[in-house]
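These are my notebook entries on one structure. I set down what I looked up, in order.

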Amino acid sequence: MERSTSRLKVLAILVAFMFAALTTRLWFLQVLAPASARESIDRQSARFVDKDATRGRIYDDRHRPLVLNRISLEVRVTKDQLGDDAEGELLRLSDVLGIPVKEIRRGLDDKDYYDYQSKPVAYDVDKNISFYLSEHEDEFPGVEVVPAAVRDYPNGTMAAHVLGVVGQIGADEIVDKRYKDYGVNDLVGKTGLEKQYERVLVGRKGRQKYLVNSNQEIVRVLGEEPAVPGSNLVLALDLDTQRIAEQALSDGIEHTRTLFDDTQDPPAYLKANSGAVIVMDPTTGGIKALASWPTFDPSWFVRSPSKKQLETLYGEHSGSPMLDRATQLSFAPGSTFKPFIALAAEQHGIANFGSYYSCPPEYVYPGDTTTVFHNWTTANLGTISVDTALKVSCDTVFYQFGADFYDRYNADQLGPDATLLQDSLQQFGFGTATKLDLPLETSGLIPDPTWKEEFAIEHPDVLLPDEQSWLPGDDIQMAIGQGFVTVTPMQLAVAYSAIANGGKLCRPHVVDHFEDPAGDTTHTVSGHCNKRTLPYSQAELDYVMNALTKVTQPGGTASTAFAGFPLSEVPVAGKTGTAQRPPFQDTSWFAAMLPAGNPQYVIVAMVEQGGHGSTSAAPIVRQIIEGLYGIDSGGVVDGGSTD
Amino acid sequence: MDLVAGRTFASERRPIRHLDPVLLITTAALSIVGILSIYSSTHRGLEALGEDPTIYVKKQVAALILGILLLLVIATVDYRFFKVYAGFIFVATVLMLVLVRVPGIGSTANGAQRWFQFAGFQLTPSEFAKIALILMLAAMLSELRTSEPMLSDVLRICIVSVIPMMLVFIQPDIGTTIVLVAIVVGILVVAGTRSRHLLALALTSIVLVSLAFQLNVIQDYQIQRLTGFLDPQNSTDATNYNRKQAELAIGAGGLFGSGYLGGTQTNLDFVPEQHTDFIFTVVGEEFGFVGAAFVLMLFATLIWRAIRISYLSKDPFGTYVAAGVASMLAIQMFVNVGMVLGIMPITGIPLPFVSYGGSAMLANFLAAGLLLNVHMRRFK
């Protein structure tokens, strides 16, 4: 029995080892490594089915629809539920839809989907096909025709650049953190407001969470989050104004192409390959119209554009119609810059609004007789005041201002006077993006000595060795909006609005407010037009406004373009601009503020390779004003060839 | 005074006064854990089928009541009575094991022929073969004249044991065979078998098992289930699936568990055979480490009581019976929980008192009854 006792101890020790082993393993599985287990279980036992949210609609300022949603019939296939003869079924489906079976297969084999998910294989399916498929339901197990929401454009191509397009989320966006809650088949805004306000428009997907068992059968619904529709955008943009602006722009470009301009080098028919128009409310910063030419049809993006359509949309030979010339490209502003130069010169004591300046055909900077700066006209206009210099757009007067700014720089290269002109121009918003609510805005350029130095280092072959430092010509050219300076039409509209509204630099905005699906305003987009940020007195601004009023009057550079226009009813303050851009034809500009006493509109027109400001841009602006005020002067007018 | 004292003494010696409350409480606790776990793992599936969600629980409770009655009956009869009839019981059990192989009498499921079916109940003779073997070996060894078994005794024991082992093995039921082997080894060790005899026995077993593998006596799927845990990457999907799901369920429990009826794995049928062989996953997932460790502690207590009773027994027969029961419970607990935790091969061994199954329940209560019996009559 003693032996049994000691042998029982052996048994007890063995059992103790068993418990030690089990407890250790249990501790490892349950306490040290449980997180991954819980995750795996969640993955295998929960299934989610998304319910798409309705994308927000876009309305104009009077709540007329610009972008709506419509239902497109989509054929969806669930791979899991295909019948026993899946191949044969897909072949029959391919026959019915007229889509190659290979393409259908490719969609179904997509590894980004689960086999229990239904995948769209055809869009905008004909109703007859839909009926056929529903009638022969038993022949097509796993195939369904479902209505899916797509964008609808009741006004066709109207405001295409502003509205933008939506498309299936791209590979670059899928990996983007901002889109982490998007599915691989989701639509996202690609351009324009659709992109800018993606988060507002998209709403929140609804989601049903199912608990499934080991056979993937649904055990019960674990939870349901209803889809929250996206907010609607109500724009500052006015459909009527937009229609007038687009019509005027395309009419104007078409007309410009019939003009032979012998002032161009070499003399030729104007190409007028592109243009842009902005109508802005200077009191609010609201964009009433924004047009860019050439334009495109956003409805092409409802389905994926074909290869041919993509070439048209992005190809260079078609003029890159997707580009918004009003905000995404910058050009030399030419003489439209002069009002800002005049104000800067007055502020810094370089010009005096009461003094007179000579306006010879040529200007030579003292000490550099080899470079001759010409006026736009060969006539000697004598000694004139600043307002006349603006009215007749005398370059040589402004050359002197530019030269004086250069002298101030030269005398104080490291001090506060070095970039007086640049600082003043930047106060008007030039050189930085306007932060308008449209994507991919460019900032243009206000060159200064530091910039030129860096530019010379980065592009040593562009500038001659003796041109690589800041020269008198740089300030002189900038004074007439030439040289390295570039601006976007939008920047010019914002700067003119600041003159029009008494010195307030607005943040332009296309959207006025958001509204929830019930129609209640949820957020208002402000132009911040209530802060006076510019250092000019009302008298100085009035002086410039007054001077610009004469531009459209007899003797002014836009007098031909506004011949016969009832200026007594609607006084128009404006400024022409002709920017040279060799080897291309001149860029034509016109900026207008009206009615001049109390401006309600600022209109900027730009025509690339459009000749003089008066030639193509001014007539376009006139046509827009006539449209706004219901004045009929019988079509496009000839503006002549004045700056 | 003497008379009074004598009567007092006699009454103190009455077996009923020497129940082992710890043993009883432990078996009761394990049975309750079992019933709760069976409900948790089956009610949803049964509901989905439109059946009574408590049907398994009801059957288990019925088996439990029957088991308690059996325990009471076994405990009342002096255990030495079983020593006398051990041979008869053993032969009867072996006959049952033979009968269950006869087509038309025994029932078949999952390719195995294991039980008798009558009146809605199943009787699995291999469960009772364990008890019969314990009694038989204890009876044989307690009748030895020598202080320790001679080689001839060991051989006799082996020959007797091999009969039910082979019958169970060809059903095929490898799990129960392992339990039978553990019982033989356990009793032989406690009976004082010499180490070199034990060693020789072990070597012989290894040779025999290798031969069995070589001669394809064991089915491929059985080999795979047995070896799958050693090499999870190369085992078949089905084998891996059971193991993976069980480990996931255990892991999901964490320290405190997901709460009773709150286990995802448990409620969604991801763990196969959950109410029988994988019942421990329910405990692990819903009560966490704390609950699982508590159940292990209950088993430890139970086995400790069995070993203690073996030690306290007044005669070798009682010692060996209790040692056999201790071995049986320990190996079943270890292989079953080890399988769930992924450190032992997958074999169909139920967890004593916890797993669903009437025959196992009855056999376990029978074993508990024997333990209690030895405990109650430990005074000479």
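What percentage of the 643 residues of chain A count as buried? I found that 46% do; a residue is buried if 20 or more other C-beta atoms, placed from the backbone, lie within 10 Å of its own, exposed if 12 or fewer, and partly exposed in between.

I noted that this is a predicted model, in which local features need pLDDT of at least 70, side-chain atom pairs count only at pLDDT 80 or more, and totals for chains, interfaces and linings use all residues. Residues are numbered from 1 along each chain as its sequence is written, while chains are lettered from A and ligands numbered from 1 in the order in which they are written.

I then looked up the secondary structure of chain A, which comes to 20 helices and 23 strands. These are DSSP runs, numbered from the N terminus: helices are H or I with at least four residues, strands are E with at least two.

Next I turned to one hairpin. Strand β21(A), residues 573-581, has seven of its nine residues buried. It pairs with β22(A), residues 584-594, in the antiparallel sense over eight bridges; strands pair if DSSP finds at least two bridges between them. Two residues lie between the strands of this hairpin. I recorded A:A591 as the bridge partner of A:K575.

Finally, I checked the backbone. Most peptide bonds are trans. The bond from A:L594 to A:P595 is cis, with omega about -20°, and A:P595 lies in the loop between β22 and β23 (601-608) of chain A. The bond from A:W293 to A:P294 is also cis, with omega near 5°.
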